[in-house]
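This report describes one protein model for a reader who is new to structural analysis. Please look at the sequence and the structure below before reading on.

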Amino acid sequence: MILVHRLKGEPLFVNSDLIETIEATPDTVISLADGRKIVVSEAPDEVVDAARRYRASVIVATDELRELAGHTADLVVLPIAQED
């Protein structure tokens, strides 16, 4: 999730995986995969940078968890319950 702001300043978290396009018309319009459009105060390059930083943080956290799992004998993995 990335933090953006509506034009009046209200904060809004957006799932960056759902972003399809970002346009400057002249306001920045984020189009989501479900067809919704969100107008935000950030410039398009700021939205892209926020999405890139978020994705990089997920990769770093994944690497850290892998290292922790490799060095921790107490780590327990529980199976996910499946619905019938």
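Asp17 and Arg55 form a salt bridge, in which the closest N and O atoms are 2.7 Å apart. A salt bridge here is a side-chain nitrogen of Lys or Arg within 4 Å of a carboxyl oxygen of Asp or Glu. This pair links distant parts of the chain: Asp17 belongs to the loop between S2 and S3, Arg55 belongs to helix H1 (residues 44–71), and 38 residues separate them. Asp17 counts as exposed at 52% relative accessibility, whereas Arg55, at 47%, counts as partly exposed. In these terms, buried means under 20% relative accessible area, exposed means over 50%, and partly exposed lies in between (1.4 Å probe, protein chains only).

The model is a predicted one, in which local features need pLDDT of at least 70 and side-chain atom pairs count only at pLDDT 80 or more, while totals for chains, interfaces and linings use all residues. Residues are numbered from 1 along each chain as its sequence is written, and side-chain values use heavy atoms, with hydrogens and water left out.

## Overall composition

The protein contains 1 helix and 5 strands, and along the sequence these follow the pattern β-β-β-β-β-α. Helices (H or I, at least four residues) and strands (E, at least two) are DSSP runs, numbered from the N terminus.

Of the 84 residues of the protein, 20% count as buried. The protein exposes about 6,700 Å², of which carbon and sulfur atoms supply 56%; accessible areas come from the Shrake-Rupley method with a 1.4 Å probe, and for residues only the protein chains shown count as cover. Among contacts with a separation of 6 or more, 33% are between residues 24 or more positions apart. A contact means heavy atoms within 4.5 Å.

## The sheet

Strands of a sheet pair through backbone hydrogen bonds, either parallel or antiparallel. In which order do the 3 strands of the open sheet lie? The order is S3-S4-S5, and the pairing is antiparallel. Strand S3 (19–24) and strand S5 (37–40) are the edge strands, each pairing on one side only. From one strand to the next, the twist averages 20 degrees. Axes are lines fitted to C-alpha atoms, for helices over the stretch in contact, and angles run from 0 to 180 degrees between N-to-C directions.

Strand S4 (residues 28–32) pairs with S5 over 4 bridges in the antiparallel sense, where two strands pair if DSSP finds at least two bridges between them. Within this pairing, Thr28 stands opposite Val40 in S5. S4 and S5 form a hairpin with 4 residues between them, and Gly35 in the turn has a positive phi of about 95 degrees.

## Side chains on the strands

Not counting residues up to four places away in sequence, Ser31 touches Leu18, Ile19, Glu20, Thr21, Glu23, Arg36 and Lys37.

## Further salt bridges

Side chains of opposite charge can pair when their charged atoms come close. How many salt bridges does a search of the whole structure find? The search finds 4 salt bridges. One of them joins the side chains of Asp34 and Arg36 (2.7 Å, N to O), and Arg36 counts as partly exposed at 49% relative accessibility.

The side chains of Asp49 and Arg52 also meet in a salt bridge (3.0 Å, N to O). Asp49 and Arg52 are separated by about one helical turn, because they are 3 residues apart in helix H1. Asp49 is partly exposed, with a relative accessible area of 32%, while Arg52 is exposed, with 54%.

## The loop between S1 and S2

Leu7 lies in the loop between strand S1 (2–5) and S2, and counts as partly exposed at 49% relative accessibility. Leu7 and Glu42 are 35 residues apart in sequence and 8.7 Å apart in space, C-alpha to C-alpha. Leaving aside residues up to four places away in sequence, Leu7 touches Asp27, Val39, Val40 and Ser41.
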